[in-house]
Amino acid sequence: MMTESQVSDELTFDALKLQWPTFSQAILDFMKELGLDALDLECDHAALRVNTSQGADSLREAFCRQGEIISDNMINGRPILIIALDAPMVLGELTIECIELPYPGDKRYPVEGWEHIELVLPGGATATETLSEQLLERVPTLTRVLAQETDVKVKMSSPQGEHERLANPTIAFKRGNLCIKVHPHGIKAVIASEAK
């Protein structure tokens, strides 16, 4: 049986709903600072950070009442679910149709809850270098950020699920507990590539 403190420490669906307005405003401010707000990009999903499997199971149940799991894939040794929502979430002028729910790995997060959003920059980039060039063409003010000359941490990667066939290089902009990722393909296109 769980104690009261264990129950209150568990990240709940209701807690996520309460966090959303603060998180979304902070993300919108960060997007504007980076110059990404002017690009009119699709926000294909928002992602969570959860520290316990029990918490992830509970959120899985709650989100399955709001939508349907469209991908349950092993990435870097842990399950990551993508849930397509029946009704999209709203982030400023953007709508978000999917939620990424990763099960915890070895890392313990200082803050559980909303962690990042992912934006789609169409252009077919297959490598981070190309994606970076395409982004700089559209937002030249990111030159110093991408050169790591500001307080924004930048990580370039090419994460891939075990069945993915679509290259989806990613640039992550991170400050504190906020992160915005940019990649060339939306999550639904990546999932569709797994079925081929």
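Buried, in these legends, means under 20% relative accessible area, with exposed over 50% and partly exposed in between (1.4 Å probe, protein chains only). This is a predicted model, in which local features need pLDDT of at least 70, side-chain atom pairs count only at pLDDT 80 or more, and totals for chains, interfaces and linings use all residues. Residues are numbered from 1 along each chain as its sequence is written, and side-chain values use heavy atoms, with hydrogens and water left out.

**View 1. Proline 104 sits in a loop between two strands.**
Start in the loop between strand E4 (94-102) and strand E5 (113-120), which is where you'll find proline 104. Helices (H or I, at least four residues) and strands (E, at least two) are DSSP runs, numbered from the N terminus. Is proline 104 buried or exposed? At 17% relative accessibility, proline 104 counts as buried. Setting aside residues up to four places away in sequence, proline 104 touches Val50, Asn51, Thr52, Ser53, Ala56 and Arg78; contact here means heavy atoms within 4.5 Å. Take arginine 78 from that list: it is 26 residues from proline 104 in sequence, with 7.2 Å between the two C-alpha atoms.

**View 2. The whole chain, before going further in.**
Let's step back for a moment. The protein chain has 6 helices and 8 strands, and from the N terminus they run α-α-β-α-β-β-β-β-α-α-β-β-β-α. The radius of gyration of the protein chain is 17 Å, close to the 16 Å that the globule rule gives for 196 residues, so the chain is as compact as a globular protein of that length. That radius is taken over C-alpha atoms, and the globule rule is 2.2 Å times the number of residues to the power 0.38. Along its principal axes, the C-alpha trace spans about 55 × 40 × 30 Å. Of the 196 residues, 49% count as buried. Look at contacts between residues at least 6 apart in sequence, and 66% of them join residues at least 24 apart.

Which residues does phenylalanine 63 contact, leaving aside its neighbours within four places in sequence? They are Phe13, Leu16, Leu48, Ile83, Leu85, Ile99 and Trp114. Isoleucine 99 is 36 residues away along the chain, yet the C-alpha atoms of phenylalanine 63 and isoleucine 99 are separated by 8.5 Å.

Phenylalanine 23 is in helix H2 (residues 13-34) and is buried, at 7% relative accessibility. Not counting residues up to four places away in sequence, phenylalanine 23 touches Trp114, Glu115, His116, Ile117 and Leu178. Between phenylalanine 23 and tryptophan 114 there are 6.9 Å from C-alpha to C-alpha, with the pair 91 residues apart along the chain.

**View 3. Glutamine 134 in helix H4.**
Helix H4 (residues 128-138) carries glutamine 134. With 18% relative accessibility, glutamine 134 counts as buried. Beyond its neighbours within four places in sequence, glutamine 134 is in contact with Leu121, Gly123 and Ala125.

A disulfide is a covalent bond between the sulfur atoms of two cysteines. In practice, the search looks for a pair of cysteine sulfur atoms within 2.5 Å. How many disulfides does a search of the whole structure find? The count is 0. The closest cysteine sulfur to that of cysteine 43 belongs to cysteine 98, and at 10.0 Å it is too far for a bond. Both side chains deserve a look: cysteine 43 is buried, with a relative accessible area of 2%, and cysteine 98 is buried at 1%.

**View 4. Two loop residues with positive phi.**
Aspartate 40 is in the loop between H2 and strand E1 (42-49). Although aspartate 40 is not a glycine, it has a positive phi of about 55 degrees. Aspartate 40 is exposed, with a relative accessible area of 69%. The other residue in this view is glutamine 148, in the loop between helix H5 (143-146) and strand E6 (153-157). Its phi is near 65 degrees, a positive value in a residue other than glycine. At 45% relative accessibility, glutamine 148 counts as partly exposed.
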